[in-house]
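The stops below can be followed in order.

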Amino acid sequence: KYSPISHHHHHHHHQRKRKKSRVQVRTSSITSSFPSFTSTMARKRKNCHNSSGSSRLRCFPPAADSPPDKSDGDVGASTTAAAGDEDNGDKQRKAPELKTLYRRFWKVAAPYWFSDDKAQARLQLAAVFALTLGTTGISVGFNFLGRDFFNALANKDQEQFTKQLVYYLGAFAGGIPFFVLRDYARETLALRWRSWMTKYYMERYLKDRTFYKIQSQSIIDNPDQRIVDDLSSFTGTALSFSLTLFNSAVDLISFSNILYGIYPPLFVVLLVYSLGGTAISVFLGRGLVTLNFLQEKKEADFRYGLVRVRENAESIAFYGGEDNEIQLLLQRFRSAFENLTQLLIASRNLEFFTNGYRYLIQILPAAVVAPMYFSGKIEFGVINQSVSAFNHILGDFSLIVYQFQAISAFSAVIDRLGEFDDVLDSSSSKSSTESLEEISLSYVKSAPVYEYNGSAPIASQKLLEVESLTLETPTSKAVLIRDLSLVINRNDHLLVMGPSGSGKTSLLRSLAGLWNTGRGKVTFYVDDVNDPQSSTSSLSSTSGKLEGLTNPNARGIFFLPQRPYMVLGTLRQQLLYPTWMDDPIHGSDDAKPTGSVPFLVTQQYSQNTAGKPNKPTTDDLIQVLENVRLGYVLSRFRSLDSTEEWSSVLSLGEQQRLAFARLLLSKPKLVLLDESTSALDEANEGHLYRQIEAAGITYISVGHRRTLYDHHSQILHIATADPGSDKQNWRMDSINRDTVHNFSGRLSRDPAS
């Protein structure tokens with residue numbers, strides 16, 4: 001006997017769970033008349049129900065272009081508004097309007113299909129669609145095979161029955177490869193798309209210091225999770241959903257004919273039923289998008305909390321803050337747990353409706369068609385055929401009902417990526433639009449300046465000029481430094497001092513172009529002899545229009561931040577960072593054969609190589625380690641190519657000396673040091689300063705120690721700014737050293753120059 005329920009049930013439930021529940025297209029089941037086969041076929045990867053929270057909702061392939069779940073018009077708040085105040089905004093976060101969602105879907109999905117890789121991409125997409133058509137054709141074939149099979153059974157026709165069995169066998173053998181290859185083609189295309197998207201997003205995230213803006217002003221939560229998890233589920237889901245839609249359309253056309261031919265009124269009833277069901281499920285599930293969005297955010301926050309424990313293991317261990325950490329982590333987990341509980345309740349309520357909707361009508365086709373069989377109008381096999389066709393059509397019409405949870409999870413992913421995409425776009429275009437008042441930063445080709453001290457001209461080279469700079473904090477717009485002007489010439493070593501919190505590091509931030517809130521002009525004089533971009537104009541104003549010019553390191557200016565930063569990788573990479581890349585000699589041969597995609601191979605960005613000194617040899621690296629008194633590190637780690645967790649195996653002082661080694665290797669004209677010797681003893685500090693002075697590098701240091709006086713010729717005192725007054729809160733002094741060679745640079749400059 002056929003079972004009206006069994007085959008359709010598996011039909012919609014077959015999917016597969018990946019790291020973050022990848023979605024699977026609902027296969028039009030190969031045969032509806034052989035439930036046992038269908039269920040094994042369809043259930044081969046059905047393990048969605050025991051997967052973890054957020055995944056569970058991503059089981060079904062969500063609808064890409066038809067997310068109807070937010071048609072409630074009263075929810076109008078655009079999501080970007082809610083993005084800024086995420087901590088208190090969680091509760092108020094509204095589901096985005098359908099329009100916003102559609103715009104975001106298109107904005108996130110479109111670039112790949114119009115990119116350099118478009119020929120290959122469109123070709124693969126066409127292949128996937130063709131295979132999908134094939135699978136639908138096979139399903140229709142099985143529908144007719146099933147009819148004849150049951151007819152033979154009812155007529156007790158042994159010979160015909162055996163023949164039908166053989167047909168079935170042949171059809172299975174021919175049909176299975178289509179189903180497997182369709183899935184394989186789709187998965188590989190999704191992977192290729194994801195690889196392209198990942199690179200595209202990472203490039204934009206790291207361009208124009210967007211990553212710094214997002215982090216320092218906490219514009220959106222967890223960009224890392226959006227790049228890793230959301231992109232992965234977006235590409236997989238978008239593909240499987242567009243296929244599901246396409247599949248349903250084809251399915252609908254082919255099976256409507258069959259059903260309509262058997263009994264037209266049945267078709268009409270089905271249409272009305274499914275439209276009603278869709279409306280109800282949209283109404284019942286309208287809150288799911290927001291819950292899914294928050295679930296993603298809270299899971300990512302929890303995970304980030306655990307990563308922080310790894311990064312700051314030593315500090316936590318010293319403080320003995322384990323109890324505290326576990327409280328904070330549990331609190332983050334609890335927040336995810338509570339949200340998921342709500343999500344599950346909402347899903348459960350929806351599920352009551354969906355299941356009722358799916359099974360109540362199962363009895364209808366048999367009830368309607370059976371009297372025609374009893375009166376002898378049709379053969380027995382037609383009952384089975386009509387039930388099978390009915391279920392196919394029900395599945396196609398009720399796509400939204402069956403997939404509702406997945407659609408809402410997918411909408412949340414679209415929402416997160418769309419928000420991220422908008423932030424990345426606004427960040428890169430901001431430089432032109434929002435220049436009401438900001439610090440202008442430019443690099444200018446330098447020319448020697450002649451100063452007269454009464455008799456002979458002395459050539460001195462200007463390196464940096466700051467004109468009437470007023471610096472404000474980006475968020476609260478509090479004034480830190482008022483109206484600062486100074487000039488740094490070659491070998492004018494400047495020391496910046498002031499109480500903690502008075503804006504010394506912020507001054508360096510504005511010089512590096514990380515902060516541009518305030519007024520004034522900063523000009524670096526660089527000799528870019530062999531810099532291809534600016535040879536066209538001697539005054540290349542760089543508000544980020546020309547690629548690579550925003551990177552001061554390429555123009556002979558080097559910043560050492562307060563916290564020493566250790567890259568992931570070998571000791572050699574530590575030393576070459578950030579000026580050169582270490583060409584990975586090993587491993588590249590092994591990685592080739594697996595069919596890598598052209599856009600994942602990192603090309604050397606040529607624009608930075610022009611002005612760079614030649615890449616240091618191994619001997620240079622060993623020599624520079626000796627120069628900063630780190631020679632013993634080599635013996636401790638065997639070779640330059642050993643990989644360690646450097647930020648924990650090297651002491652802070654060793655990390656600071658390593659930073660000086662980086663600096664000596666890249667030989668800049670000017671270096672800005674932010675308390676870069678704070679962890680060193682005075683002997684080592686003096687040694688390092690003598691090294692960089694001997695290398696002919698001009699330096700500006702921020703520091704607190706009096707011992708630094710010996711290495712500098714001028715000092716800039718910054719006081720804490722008084723919000724009430726308009727007086728300048730800084731003063732310049734010369735440091736009189738008994739040496740003469742530093743004297744020429746300062747000549748007749750009064751402290752306020």
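Select Lys-445 first, and opposite this residue you will find Val-526 in strand 7; strands and helices here are DSSP runs numbered from the N terminus, with E over at least two residues for strands and H or I over at least four for helices. This is a predicted model, in which local features need pLDDT of at least 70 and side-chain atom pairs count only at pLDDT 80 or more, whereas totals for chains, interfaces and linings use all residues. Residues are numbered from 1 along each chain as its sequence is written, and side-chain values use heavy atoms, with hydrogens and water left out.

Now extend the selection to strand 1 and to residues 518-526, which form strand 7: the two run parallel and are joined over six bridges, where pairing requires that DSSP finds at least two bridges between the strands. Both belong to an open sheet of four strands, ordered 1-7-4-5 with mixed pairing. Because strand 1 (440-445) and strand 5 (479-489) each have a single partner strand, they stand at the edges, and one side of each lacks a neighbour in the sheet. From one strand to the next, the twist averages 15°, as an angle between axes fitted to C-alpha atoms, for helices over the stretch in contact, and taken between N-to-C directions from 0 to 180 degrees.

Next, select helix 19, which lies across strand 1, strand 4 (462-472), strand 5 and strand 7 and runs at about 115° to strand 4.

Finally, select helix 22 (residues 618-627), where Leu-621, Val-624 and Leu-625 are buried, that is, under 20% relative accessible area with a 1.4 Å probe and protein chains only. The buried residues of helix 22 pack against helix 20 (571-576), helix 23 (631-636) and helix 25. Just after helix 22, Arg-629 takes a positive phi of about 60°.

Definitions and conventions:
Buried < 20%, exposed > 50% of the residue type's maximum accessible area, 1.4 Å probe, protein only. Contact = heavy atoms within 4.5 Å.
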